Amino acid sequence: MRDDEHGTDTVDARLAARLAELRAERGWSLGELAERSGVSRSALSRAERAETSPTAAVLNRLCAVYGRTMSRLLSEVEAEPALLVRAAEQPVWEDRPAGFVRRSVSPPHAGLRGELVEGRLAAGADIAYDRPPVPGLEQHVWLLEGALEITAQDVEHRLAAGDCLRMRVWGPTRFRCAGPEGARYALAVVLP
């Protein structure tokens with residue numbers, strides 16, 4: 001798999017390699033990781049071989065096991081982070097079946113606790129995360145376009161364009177785009 005004519009690996013291929021490295025660093029078998037994450041052994045194997053790109057929900061489960069935010073994991077497969085990230089260079093990851101596009105506007109850096117992400121959900125998209133990647137993760141969701149329903153700690157919040165929801169994530173969350181149009185939001189993520 002190649003990104004361009006210069007022969008660099010695609011993000012999916014680098015992500016697959018990093019997932020395999022993280023498991024190997026801990027000395028876990030695929031079976032052990034499956035037990036810890038709740039993701040099937042076969043799905044993990046396919047993801048580590050870049051046969052499939054993991055969904056947002058699967059990546060979230062793996063991030064929880066490895067103690068990383070999704071942005072941090074994705075940044076680990078990118079080159080060294082720059083101080084200035086041009087719009088055309090901001091990493092984009094898609095979960096097409098779920099109707100979710102994620103852009104790392106300010107990729108995370110080891111020395112910093114915060115990051116900024118742009119999320120886009122297609123009309124009707126409904127993404128549920130069974131746990132946060134890092135317990136107590138602080139999130140600020142600023143809805144830029146559309147309508148969005150976010151459920152956290154069993155409380156549903158309905159956001160309209162311009163609204164901002166601040167939350168600390170300890171348990172399951174759900175992002176649902178119930179409107180007739182897609183939703184676009186800025187997500188500020190701060191590690192505890």
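In strand β7, Ala160 is the bridge partner of Ala147. Ala147 belongs to strand β6, residues 147-152, and six bridges join β6 to β7, the two strands running antiparallel. Strands here are DSSP runs of E with at least two residues, helices are runs of H or I with at least four residues, and both are numbered from the N terminus. Two strands pair if DSSP finds at least two bridges between them. The model is a predicted one, in which local features need pLDDT of at least 70 and side-chain atom pairs count only at pLDDT 80 or more, while totals for chains, interfaces and linings use all residues. Residues are numbered from 1 along each chain as its sequence is written, and side-chain values use heavy atoms, with hydrogens and water left out.

β6 and β7 form a hairpin with two residues between them. In the turn, Gln153 has a positive phi of about 50 degrees. β6 is also joined to β9 by four bridges, again antiparallel. Here Ile150 has Phe175 in β9 as its bridge partner. Strand β9 covers residues 173-176, and four bridges join β4 to β9, which run antiparallel. Arg174 in β9 is the bridge partner of Ala128.

These pairings can now be put together. The strands make up an open sheet of four, in the order β4-β9-β6-β7, with antiparallel pairing. β4 (126-129) and β7 (155-160) are the edge strands, and each pairs on one side only. Direction ignored, neighbouring strands of this sheet are turned by 15 degrees against each other on average. Axes are lines fitted to C-alpha atoms, for helices over the stretch in contact, and angles run from 0 to 180 degrees between N-to-C directions.

A second sheet is also open, with six strands in the order β1-β2-β3-β10-β5-β8 and antiparallel pairing. β1 (92-95) and β8 (164-169) stand at its edges with a single partner strand each, so one side of each is left without a neighbour in the sheet.

The order can be followed from β1. Four bridges join β1 to strand β2 (residues 100-106), and the two run antiparallel. Trp93 has Arg102 in β2 as its bridge partner. β1 and β2 form a hairpin with four residues between them, and Gly99 in the turn has a positive phi of about 75 degrees. Next, six bridges join β2 to strand β3 (residues 114-121), which run antiparallel. In β3, Leu116 is the bridge partner of Ser106.

At the other end of the order, strand β5 (residues 137-145) is joined to β8 by six bridges, and these strands run antiparallel. Val141 stands opposite Leu165 in β8. In a regular strand the side chains alternate between the two faces of the sheet.

Which residues does His140 touch, not counting residues up to four places away in sequence? His140 is found in strand β5. On that count, His140 touches Cys164, Leu165, Arg166, Ala186, Leu187 and Ala188, where contact means heavy atoms within 4.5 Å. The side chain of His140 also makes a polar contact with the side chain of Glu138, at 2.6 Å. A polar contact is a pair of N or O atoms within 3.5 Å; within protein, one must be able to donate a hydrogen and the other to accept it, and residues adjacent in sequence count only if both atoms are side-chain atoms.

The helices come next. The axes of helix α2 (residues 30-37) and helix α3 (residues 41-48) come within 9 Å and cross at roughly 115 degrees. α2 and α3 are therefore roughly perpendicular to each other, a term used for angles of 65 to 115 degrees. Leu30, Gly31, Leu33, Ala34 and Ser37 of α2 make the contact with Arg41, Leu44, Ser45 and Glu48 of α3. By class, this contact has four nonpolar, three polar and two charged residues. Ala, Val, Leu, Ile, Met, Phe, Trp, Tyr, Cys and Pro count as nonpolar, Asp, Glu, Lys and Arg as charged, and the others, Gly among them, as polar.

α2 also meets helix α4 (residues 56-66): their axes come within 9 Å and cross at roughly 100 degrees. That makes α2 roughly perpendicular to α4. From α2, Leu33, Arg36 and Ser37 take part in the contact, and from α4, Arg61, Leu62, Val65 and Tyr66. By class, the contact of α2 with α4 has four nonpolar, one polar and two charged residues.

Key:
Parallel < 35°, antiparallel > 145°, perpendicular 65-115°, else oblique.
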